[in-house]
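Student: I have a new chain open in my viewer and would like to talk it through with you. Could we go from the overall fold down to single side chains?

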Amino acid sequence: MKNEMKVFSGNGNPVLARAICHYLHLAMGEWKLSRFSDGEVYCQILENVRGTDVFVIQPTCHPVNENIMELLIAVDAMKRSSAARITAVIPYYGYARQDRKDKPRVPISAKLVADLLTAAGVDRLLTMELHAPAIQGFFDLPVDHLFAAPVLLDWVERQRFENLTIVSPDAGGVERARAFAKKLEAGLVIIDKRRVEANVARDDERHRRGCGADLRHRGRHRRYRPARSSARSRRFATKGRPACSAASRTPCCPAPRWSASRARPRARRRDGLDSAVRRQSARIPRSRSFPWRASWERRSPESTATPR
């Protein structure tokens, strides 16, 4: 005999729970969740759940500690009411970012939350988009790890964006962003995010401004190389361009608004003489075309000697 399915919702996201019940054509389970004067959580189930398949929908989002404690007490009440199976539906798994010891003398809070759920009586866990897939190994019970990629990809494809670019907010999301870019045949941008401390990342405004300009002018971008090699020409060529491109010499920013062809100097000969001067030197006497040579000849002994 198939067990009856019932869905209960905590105070984490009741709107989501009502949408799920509406899609499944089920009535939401009735229970009472309240607080005592000192802040303790009180839970009472107002209907019979003996032998039923119970789903408790409670994302552990802000406030994380309140929602986790509410979920643990609700699961314990279900277990003591003889529910056949208890499935905790946690779309957002709190403490998931604390899944390893990245510093000395710090806890692995994701493992602690897994132990608390197991001890409370959860038979199965349903979650999605974990911070690290290895968190599934913290549980000694079945874990259903869902992904939002199929839904997001279908929505993005229906929008028909032009010059689409997928951005990874940090190095940890590169693999996921690359998978999205490959399926959508879009470009890929990776942000170099460096955390100074918890919830604080370094903000390099110069680099952000340069990369933002590159995204705005995507499709019209070209590499610019100065024609001259002198210090003056290099200063002129990089004038008006963001400092990140000039320093790294990579085409991460668009070329300046003025035309590169106007700034390009005339071609020069290998011997260092201008081609226009060489053409004129054939028609103008040496003393007029190069006065410094005429003065040198006047000072030379051969030019000042008297003829015999």
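Student: Happy to start with the contacts. Of those between residues at least 6 apart in sequence, what share joins residues at least 24 apart?
Tutor: Keep in mind that this is a predicted model. The chain holds 13 helices and 11 strands. Counting contacts between residues at least 6 apart in sequence, the share that joins residues at least 24 apart is 54%.

Student: What percentage of the 308 residues counts as buried?
Tutor: A residue is buried when its relative accessible area is under 20%. The chain exposes about 22,200 Å², with carbon and sulfur atoms supplying 52% of that area. Among the 308 residues, the buried part is 29%.

Student: Is Cys 61 buried or partly exposed, and what about Cys 21?
Tutor: The limit for buried is under 20% relative accessible area. Cys 61 has 23%, so Cys 61 is partly exposed. Cys 21 has 4%, and therefore Cys 21 is buried.

Student: How many disulfides are there?
Tutor: The test asks for two cysteine sulfur atoms within 2.5 Å. With that rule, the number of disulfides is zero.

Student: On to the aromatic rings: are the planes of Phe 8 and Trp 31 tilted or stacked?
Tutor: The whole structure has four aromatic pairs. In the pair of Phe 8 and Trp 31, the ring centres are 5.2 Å apart and the planes meet at 45°, so the arrangement is tilted. This pair links distant parts of the chain, with Phe 8 in strand S1 and Trp 31 in strand S2, 23 residues apart. Both residues are buried, and the word for their ring geometry is tilted.

Student: What kind of aromatic pair do Phe 36 and Tyr 42 form?
Tutor: Phe 36 is partly exposed at 44% relative accessible area, and Tyr 42 is partly exposed at 29%. Planes over 60 degrees apart count as edge-to-face. The rings of Phe 36 and Tyr 42 lie 5.7 Å centre to centre with 70° between the planes, and the pair is edge-to-face.

Student: Which residues form a nonpolar patch on the surface with about 390 Å² of accessible area together?
Tutor: One of them is Tyr 23, found in helix H1. Tyr 23 has 68% relative accessibility, so Tyr 23 counts as exposed. The patch consists of Met 5, Tyr 23, Leu 24 and Leu 26.

Student: Now the charged side chains. Which residue forms a salt bridge with Lys 111?
Tutor: Side chains of opposite charge can pair when their charged atoms come close. With the closest N and O atoms 3.2 Å apart, the partner is Asp 115.

Student: Why are Asp 154 and Arg 158 separated by about one helical turn?
Tutor: Their side chains meet in a salt bridge at 3.1 Å, N to O. Asp 154 is partly exposed at 39%, while Arg 158 is exposed at 52%. They are about one helical turn apart because they sit four residues apart in helix H4.

Student: How many residues apart are Lys 193 and Asp 170?
Tutor: The side chains of Lys 193 and Asp 170 meet in a salt bridge at 3.1 Å, N to O. Lys 193 lies in the loop between strand S9 and strand S10, and Asp 170 in the loop between strand S8 and helix H5; this pair links distant parts of the chain, and the separation is 23 residues.

How values were computed
Residues numbered from 1 in each chain as written. Predicted model: local features only at pLDDT ≥ 70, side-chain atom pairs only at ≥ 80, totals over all residues. Heavy atoms only, no water. Buried < 20%, exposed > 50% of the residue type's maximum accessible area, 1.4 Å probe, protein only. Phe/Tyr/Trp six-rings, centres within 6.5 Å; stacked < 30°, edge-to-face > 60°. Helix = DSSP H or I, 4+ residues; strand = E, 2+ residues; numbered from the N terminus. Contact = heavy atoms within 4.5 Å. Areas by Shrake-Rupley, 256 points an atom, 1.4 Å probe, with all protein chains shown as cover. Patch = residues over 30% accessible without salt bridge, like charges linked within 9 Å, V, L, I, M, F, W, Y side chains within 5 Å. Salt bridge = Lys/Arg side-chain N within 4 Å of Asp/Glu carboxyl O.
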